[in-house]
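Hi there,

Here is the structure you asked about, ready to open in your viewer. My notes on it follow below.

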Amino acid sequence: MSEKISISPSGEKFPLPKPEDYKVEFDVLKKRIDQERARNREIVVVMGVGFVGAVMAAIVADTVDESGKPSKFVIGMQRPSERSYWKIPMLNRGISPVKAEDPEVDPMISRCVNEKKTLMATFTHDVLNFADVVVVDVQCDYIKEDLGNVRSGQTDMAALEASISVIAEHIQPNALVLIETTVAPGTTEQVAYPIMKKIFKKRGIESDPLLAHSYERVMPGRNYVASIRDFWRVCSGINEEAKKRVVKFLNEVLNTDKYPLTVMDRPIESETAKIVENSYRATILAFLDEWSLFAERNGVDLIKVIKAIKVRPTHSNIIFPGPGVGGYCLPKDGGLGVWAYKHILGFEDDIFKITPLAIDINDTRGLHVGQITRDALRNMGRTIASSEILILGAAYREDVGDTRYSGSEIVIRKLAEMGAEIKVHDPYVDHWWEFEQQDTYPATGQSKAQFFRNQEKLKDIRVEQDLNKSLNGSEAVIFAVPHKAYRDLDPDEVVKTIGQPAAIIDCFGILTDDKIRRYFQLGCEVKGLGRGHIQRIKEETRKT
Ligand SMILES: NC(=O)c1ccc[n+]([C@@H]2O[C@H](COP(=O)([O-])OP(=O)(O)OC[C@H]3O[C@@H](n4cnc5c(N)ncnc54)[C@H](O)[C@@H]3O)[C@@H](O)[C@H]2O)c1
């Protein structure tokens, strides 16, 4: 049988642990934990060292007591899957498993692993035996069955349920279990608690598990660390003791002097706060979709309209949705709420109108980019089929490398369906797994490829880092994400590098009117989401 390996994004291969490796790992850990306990350090296990868990683990490991001495020893526990195992050896070298634009992330992880020696990672669940606190940062997904219909989807709690079971099988009865995962409301009390209680009973433990919930508001990006450590938190516990323990823990590891905690009576309130928070955001983004079309068809620049409205303090959070709303949270969290109402909380009626509609609008907004690209190419006497189209930006938002549910994915799938040849540039993304491994990523049968025709060749997409190389020869260039590298591009340079006039598509309002004018002067065609005034600039340019 061939050896199973896990490959890091940089291409390094790590063989997965074999059965005999577990005992060795456990012995090493036990010795280390005994030493740490002797130093009076609390043992914290963070389950799942992904985007949230890796940085949360480092923040906890960086904690010091009043005398300035490290007060926690943190072990990141990660299941040794082929996709994720590499994160363990990387972390143990002091290298962040997540690529971050925040300059605090890399030094913090390196400092905690190599200097303070308060952070390590492991693949064995047995480490849970030693935990004083377990922080759960595994994923809880929402699987959509159709494009643009969140209602037909369902929550996939398998990873969370598996984690909760394994925690209950291993922990000491008085360990605090803090669920940070965004969950369907009701999960802590009606899913996690019964699982743990049952297993505790089997183990002869009479006491209730000390279960708590506090959701993450992390924004992977320039303020990655601060968005966890220096930010307000909401929390709750399943009983008074759990509540007391979670408040104590969060007060120790986060900057709660400046950003005080909000403590809710019950976990379902903390869980609901997260879902409402993100549904609200998804809704204010979705609502601009219709006004974006209105603007395009009536000579209005929605970007300027938003700017004008934003000066009013009550409306300062109005934001332009770009070619869709991605990231790991906004596309799914409302779905978790709608699903929970029926499947956890047991209601049969349908009270939700706005939340699912908002998600459906956001999920399909990118399709429109296919139309405007087609029209821009047509105006230049070209057809979209077989045109070479460059997408600038694979990530879901500016200046991050996270491609999960990015609007660009839908844009590309639609363009490929229409026959275009696709090239991609993104300075922050090495591999776009949603395409490269679309048969199995995010899981078998879950790729958005299933909603489009003509997707097979998209497996060959490789994200280019060299902008000039990418631009060269393109027939259309789509500004899909407002990364810093794209905001200051000079039209003359762009067209020179392309080598010919091209269709320029602005999905995020990043082109100024002067740049739009210049592109027209250079023989290009320009179109943009919500940018109806472009036609006026075109006519003015023609007259001169
Ligand atoms: N990424 C964000 O920006 C963000 C923001 C706020 C909240 N959240 C929430 O935080 C949670 C985690 O998100 P993420 O982005 O870190 O996800 P992620 O997929 O990057 O990380 C989850 C990790 O958990 C591991 N895992 C799964 N099952 C496990 C098990 N049984 N034992 C040990 N490890 C296991 C996975 O291999 C993976 O490495 C989600 O609920 C998400 O909604 C994420």
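**What turned up**

Lys117 is partly exposed, with a relative accessible area of 45%; buried means under 20%, exposed over 50%, and partly exposed in between, with a 1.4 Å probe and protein chains only. Please keep in mind that this is a predicted model, in which local features need pLDDT of at least 70, side-chain atom pairs count only at pLDDT 80 or more, and totals for chains, interfaces and linings use all residues. Residues are numbered from 1 along each chain as its sequence is written, and side-chain values use heavy atoms, with hydrogens and water left out.

Most residues other than glycine have a negative phi, and most peptide bonds are trans. Lys117 is not a glycine, yet its phi is positive, at about 55 degrees. You will find Lys117 in the loop between helix 4 (105-115) and strand 5 (119-122); helices (H or I, at least four residues) and strands (E, at least two) are DSSP runs, numbered from the N terminus. Tyr405 also has a positive phi, near 55 degrees, and sits in the loop between strand 13 and helix 14 (407-417). With 25% relative accessibility, Tyr405 counts as partly exposed. Then there is the peptide bond from Tyr441 to Pro442, which is cis, with omega near 0 degrees. Pro442 belongs to the loop between helix 15 (433-436) and strand 15.

**Helix 6**

Helix 6 covers residues 187-202, which makes 16 residues. From first C-alpha to last it reaches 21 Å, close to the 22 Å expected at 1.5 Å a residue; the expected span is 1.5 Å times one less than the number of residues. Where does helix 6 bend? The bend, of about 35 degrees, is at Tyr193, and a proline, Pro194, follows within four residues. Here the bend is the angle between axes fitted to the seven residues ending at a position and the seven starting there. Among the buried residues of helix 6 are Val191, Ala192, Ile195, Met196 and Ile199. Their cover includes helix 5 (158-170), strand 9 (176-179), strand 10 (210-213) and helix 9 (267-297), where contact means heavy atoms within 4.5 Å. Just after helix 6, Gly204 has a positive phi of about 80 degrees.

An open sheet of six strands runs in the order 15-14-13-16-17-18, with parallel pairing; two strands pair if DSSP finds at least two bridges between them. Strand 15 (463-464) and strand 18 (525-528) are at the edges with a single partner strand each, so one side of each has no neighbour in the sheet. Strand 13 (residues 388-392) and strand 14 (residues 421-425) run parallel and are joined by five bridges. Within that pair, Ile391 has Val424 of strand 14 as its bridge partner.

**The ligand**

How many residues surround the ligand? There are 25, and the closest are Val52, Gln78, Lys87, Thr182 and Arg404; a residue counts if one of its heavy atoms lies within 4 Å. Polar contacts are pairs of N or O atoms within 3.5 Å. A polar side-chain atom of Lys87 is 2.7 Å from an oxygen atom of the ligand. For Gln139, an N or O atom in the side chain is 3.5 Å from a ligand oxygen atom. Arg79 takes part through a backbone N or O atom, 3.4 Å from a nitrogen atom of the ligand.

Best wishes

Definitions and conventions: A polar contact is a pair of N or O atoms within 3.5 Å; within protein, one must be able to donate a hydrogen and the other to accept it, and residues adjacent in sequence count only if both atoms are side-chain atoms.
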